[in-house]
Amino acid sequence: MQCYNCKSNKLKYCKEKDAYICLDCGYEYPKQYFFISHSHLDIEKVRIIRNIIEETFFYEPILFFLKCLSEDDEITDLVQREIFERIWFVYCKSDNAEKSKYVQEERKYIDYLTKNGKVKKILNVELDKFEIWDDNCYEYIRKQISHEIKKTKIFLSYSYRDNDIALMLYNWFTNRGYSVWNANDILDGDNFSESIYKTIQKYINNDGLFLPILTENSVKNSFVMAEIRYALEKNATIIAINIKGSCEIQIPIDHILQFTLDLDNIEISLNNLVDMINKL
């Protein structure tokens, strides 16, 4: 295991935060937990999914065969409790899964949870395009998983005068399993500009998102404008966040997406932002 921020291998698990912490730079890696819904007939391909997820040490999937349980009620209760506790629900889509009574019950339960306000990140992975012995099978599965997981990495760029908005976004996203970086993560003694540019580059390399909060404060802030220019130079995926009802500032550049955040209807507005992210 190695820290992505400083390349140190001194990482220690903190039970209180449920995260790995780098002892050299202090960077935190919160664990994310996956439930893998699959047919046992697809087990060889499902192992690929498990291995890819586990390549990142703070991702922990559950993959097991319920041999010790015989009653449907026992199985249903255990599985539902596991699904409830985990951030991600991975559906291994295949003809076998479509015919599996247990997989379809798991899907019904995740639908029930989401309809009743329980936030889950759902990842559908198509399994049937290639056979396990096909050389393209592993890469096809890997791309589906990495594309979705990497979209959960967010770099927030903002003026310190807008710290309340940034903190609200930070808390909202991190509570839903996103890995979010902001300026408060810089340690005393770090070179501020160098640390920021390295972190932006790290997130871009991992197909993360660059979210500048555009306000009258930030457009006058030379650091924020420099960060936006740097992200543009590196071809980052950028979603500019404007605040509804304030001085909404549009950046006239084609490949910068624009989103208006409505603070009066924040939950709906942020869910709409996630919908935009999911369609990228």
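**Close-up views of a predicted model**

Cys22 counts as buried (under 20% relative accessible area, with a 1.4 Å probe and protein chains only; exposed is over 50%, partly exposed in between), at 2% relative accessibility. This is a predicted model, in which local features need pLDDT of at least 70 and side-chain atom pairs count only at pLDDT 80 or more, while totals for chains, interfaces and linings use all residues. Residues are numbered from 1 along each chain as its sequence is written, and side-chain values use heavy atoms, leaving out hydrogens and water.

View 1. The structure holds zero disulfides; a disulfide here is a pair of cysteine sulfur atoms within 2.5 Å. In general, such a link is a covalent bond between the sulfur atoms of two cysteines.

**View 2. An open sheet of four strands.** The strand order is E5-E4-E6-E7, and the pairing is parallel. Strand E5 (59-62) and E7 are the edge strands, each pairing on one side only. Neighbouring strands of this sheet are turned by 25° against each other on average, direction ignored. Strands (E, at least two residues) and helices (H or I, at least four) are DSSP runs, numbered from the N terminus. Two strands pair if DSSP finds at least two bridges between them.

**View 3. Strand E4 beside E5.** E4 spans residues 32-37 and runs parallel to E5, joined by four bridges. Tyr33 stands opposite Glu60 in E5.

**View 4. Helix H4 across the sheet strands.** H4 (residues 101-115) lies across E4, strand E6 (88-93) and E7. H4 runs at about 145° to E6. Axes are lines fitted to C-alpha atoms, for helices over the stretch in contact (heavy atoms within 4.5 Å). Angles run from 0 to 180 degrees between N-to-C directions.

View 5. H9 (residues 266-278) has 13 residues. From first C-alpha to last, H9 reaches 18 Å, close to the 18 Å expected at 1.5 Å a residue; that span is 1.5 Å times one less than the number of residues. The buried residues of H9 are Ser269, Leu270, Leu273, Val274 and Ile277. They sit on the same side of H9 because they cover an arc of only 145° around the axis, taken from the directions from the helix axis to the C-beta atoms. These buried residues pack against helix H6 (163-174), strand E10 (209-214), strand E11 (237-243) and strand E12 (256-261).

**View 6. Trp133 in a loop.** The loop lies between strand E7 (121-126) and helix H5 (137-150). Trp133 is exposed, at 67% relative accessible area.
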